[in-house]
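Here are some notes for a colleague who is opening this model for the first time. They are numbered so that each can be checked separately.

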Amino acid sequence: MGEQTDKKPKPVRWLNPASGYLTGYAYTLNPYVGCAFGCSYCYVRRMPVALFRDSPWGEWVEPKRFDPDAFRREWRRALAKGGLTVFMSSATDPYQPAEHAEQLTRRLLEIMAEEEPPQYLLVQTRSPLVLRDADLLQRLGDRVRVSMTVETDLEAVRKALTPSAPPLAARLRAVRGLREAGVRVQAAVSPLLPCSDAFPALLASSVERVVVDDFFRGDGSGGKRSAQLRMADRYRELGAEAQYAPETTDAFVRTLRQAMPAGAVFFGQEGFLP
């Protein structure tokens, strides 16, 4: 009789210790492995999860195997330790197209809302689908903030650098919808991409809180990953080579702070921390 080779699937761990840029959080939570948006500048492209695959980053997505009872036990253990702060998500988008059918993010939020909520949860996305879950986000109250990536106001730039990502106007509509639902929300201009002079005023009229970052201080490696991704070349192709500099971001932040109330505009890590 042959040796039994069937093995039980390895348990999925949902809450992983945060590190590096997210050291202010206890855990990161990524419902998916991979991301269909596949943004050209995404730092995950230079991480092992993306490098050691047969298909390029952006062309594959794997939903994690969901066991609600297992996640509930893991959540309760984390609650018992105290200081439960969660960044969702650090290496994927929790509301990418697969979420329409899989509803992994929604099911995770449902359990959070049923149990004691975290001390703080930041939901980082660039997808208008987040508005679908406004009911659950309302239940989490001031324990949650949605951070919507809006890196530019120019659709031509969005199509050139993040062609699979949702249109900018749809993201801003979602921001307004969340605000109307009473959900705390910020715009993440992260990283700042080439934009028009009207972009600061657009943000000021759309959202109460903004965090700005760039390729040089926000890619988790002091700009090295962005250099490896040849972002300077991408800017050159757009005729925006002169804008590829930290000084461009600094000037943008100054203009934005003039257009918004004091304390509404953050730069870099401080804007994402609990």
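Where is the place of Ser89?

1. Ser89 sits in the loop between β5 (85–88) and α3 (99–102). The peptide bond leading from Met88 to Ser89 is cis, with omega near 15°. Helices here are DSSP runs of H or I with at least four residues, strands are runs of E with at least two, and both are numbered from the N terminus.

2. The model is predicted: local features need pLDDT of at least 70, side-chain atom pairs count only at pLDDT 80 or more, and totals for chains, interfaces and linings use all residues. Residues are numbered from 1 along each chain as its sequence is written, and side-chain values use heavy atoms, with hydrogens and water left out.

3. Another cis peptide bond runs from Ser190 to Pro191, with omega near 0°. Pro191 belongs to the loop between β8 (185–189) and α8.

4. Gln103 has phi near 55°, a positive value in a residue other than glycine. Gln103 lies in the loop between α3 and α4 (104–114).

5. The axes of α2 and α4 come within 10 Å and cross at roughly 50° (axes are lines fitted to C-alpha atoms, for helices over the stretch in contact, and angles run from 0 to 180 degrees between N-to-C directions). This angle makes α2 oblique to α4; under 35 degrees counts as roughly parallel, over 145 as roughly antiparallel, 65 to 115 as roughly perpendicular, and the rest as oblique. The contact (heavy atoms within 4.5 Å) is made by Pro68, Phe71, Arg72 and Trp75 of α2 and Leu108, Ile111, Met112 and Glu114 of α4. By class, the contact of α2 with α4 has six nonpolar, no polar and two charged residues. Ala, Val, Leu, Ile, Met, Phe, Trp, Tyr, Cys and Pro count as nonpolar, Asp, Glu, Lys and Arg as charged, and the others, Gly among them, as polar.

6. Helix α8 (residues 199–206) packs against helix α11 (residues 246–259) at an angle of about 45°, with the axes 9 Å apart. That angle makes α8 oblique to α11. From α8, Phe199, Pro200, Leu203 and Ala204 make the contact, and from α11, Phe252, Thr255, Leu256 and Ala259. Seven of these residues are nonpolar, one is polar and none is charged.

7. Which residues lie nearest the centre of the second largest pocket? They are Val12, Arg13, Ala70, Glu74 and Arg77, out of 17 lining residues. The largest share of the lining, seven residues, comes from helix α2 (residues 68–81). The lining divides into nine nonpolar, no polar and eight charged residues. On a 1 Å grid over the protein atoms alone, with a 1.4 Å probe, a pocket is an open set of points with protein on both sides within 12 Å along at least five of seven lines, and lining residues have an atom within 4 Å of a point.
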